[in-house]
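Please look over the sequence and the 3D structure below. A short briefing follows.

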Amino acid sequence: MSDTIESVSDDVPVPPPPPAAAVTVRGLTKRYGDLAAVDGLDLDVPRGGVFGLVGPNGAGKTTTMLATVTLLRPDEGRIDVLGHDPVTDPRAVRGVVGYVPDTFGLYDGLSCREYLDFFAAAYEVPREGRAAQVDALLELVELSHKAATDVAGLSRGMQQRLSLARGLVHDPQVLVADEPASGLDPRARVELREIVKELAVQGVTIVISSHILAELDELCDRVAIVEAGKVLAQGTADEIRGAVQASSTVTVRVLGGEDALAVAATLAAGTGALVTPEEGRLRCEVVGGEAAAAELLRTLVVGGVRVTDFREDRGGLERLFLSVTQGVVR
Ligand SMILES: Nc1ncnc2c1ncn2[C@@H]1O[C@H](COP(=O)(O)OP(=O)(O)OP(=O)(O)O)[C@@H](O)[C@H]1O
């Protein structure tokens, strides 16, 4: 029998395709008195990969996450999590979403294993599979050796990892983690990052927030920059950079000594770049993303300059963040 799609009989119900987006947020608004903590916020989190919510303190990241995971009712707007609405069908959303809050919340007298077992039971993980699930999670977050240790006796980094495991007890397809790296030392941060990457490889969609941009820079496939309850920009870092026309710095080295460098400087300035000659090289500030850098290189080569090194430093998320946000304090 052929297994092509045409062979499927009209009588056989075809399941609907899975939603392309993991989380879609439209016009989300949440007010506290006169303050709009979230103010008409839109988000598009595709399935798979790591999505970063980046913004300063008070930007509205936690409020957005709480509404997404059904723990806060929005005043306006709509959220869709894998086809489910957190307001009208919170149970369905909780079944597909795991949440890692920004505070741990101690449960004195429980060991790590008991702690995870408790949450697994709360999420109705069947009793027979629970022990294996808890062991697998302890292994994932590298806490197997602490399985019998009281959770109150864990270091902060270990608590954060246990918290991550708690968010995963029911094998969610989406994990929402609110500043999971806050307060961690550099080594613990790297360990956390490795776990998040591993989860992404396993197909979990991860939404992670931080105001420490360096934390998200190499981890996230896409980011949304949030300020004063609004999304200022979202997409891949490159897309945002292109949209805001952030400048980048290109360093150019050429063959032919100072004379050739002078020719290169003139040609580069002709493309609109801001050129600073340095010892044996040129620093060129270009505006217009990759296209502008490519145009600079083309102009140099067509102009007869023998380019030996052409290096673009686009800056990390930090620079991007500063170029997009206004520094609004509320
Ligand atoms: N329950 C509440 N009552 C009153 N105001 C609130 C409440 N929750 C949040 N806010 C306010 O809403 C705004 C957004 O807060 P939110 O916690 O969502 O920001 P955030 O981006 O997560 O900040 P942080 O990085 O500091 O955690 C802040 O000005 C905050 O003070």
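Residues are numbered from 1 along each chain as its sequence is written.

**Confidence**
- The protein has a mean pLDDT (the predictor's confidence in each residue, from 0 to 100) of 87, and 86% of its residues reach 70 or more.
- Residues 1-8 have pLDDT below 50, and beyond near neighbours in sequence this stretch has three contacts in the model (C-beta atoms, placed from the backbone, within 7 Å).
- Where pLDDT is low, the predicted coordinates should not be read in detail.
- For the complex, the predictor gives an ipTM of 0.97 and a pTM of 0.76.

**Overall make-up**
- The protein has 11 helices and 13 strands. These are DSSP runs, numbered from the N terminus: helices are H or I, at least four residues, and strands are E, at least two.
- Of the 330 residues in the protein, 38% are buried. Buried means that 20 or more other C-beta atoms, placed from the backbone, lie within 10 Å of the residue's own.

**Strand 3**
- Strand 3 spans residues 50-54, and five of its five residues are buried.
- Val50, Gly52 and Val54 point one way, while Phe51 and Leu53 point the other way.
- Strand 3 runs parallel to strand 7 (residues 205-210), joined by five bridges. Strands pair if DSSP finds at least two bridges between them.
- Valine 54 has serine 210 as its bridge partner in strand 7.
- Strand 3 also pairs with strand 8 (residues 222-227), in the parallel sense, over four bridges.
- In strand 8, arginine 222 is the bridge partner of phenylalanine 51.

Definitions and conventions: Predicted model: local features only at pLDDT ≥ 70, side-chain atom pairs only at ≥ 80, totals over all residues. Buried ≥ 20, exposed ≤ 12 C-beta atoms within 10 Å, placed from the backbone. Contact = placed C-beta atoms within 7 Å.
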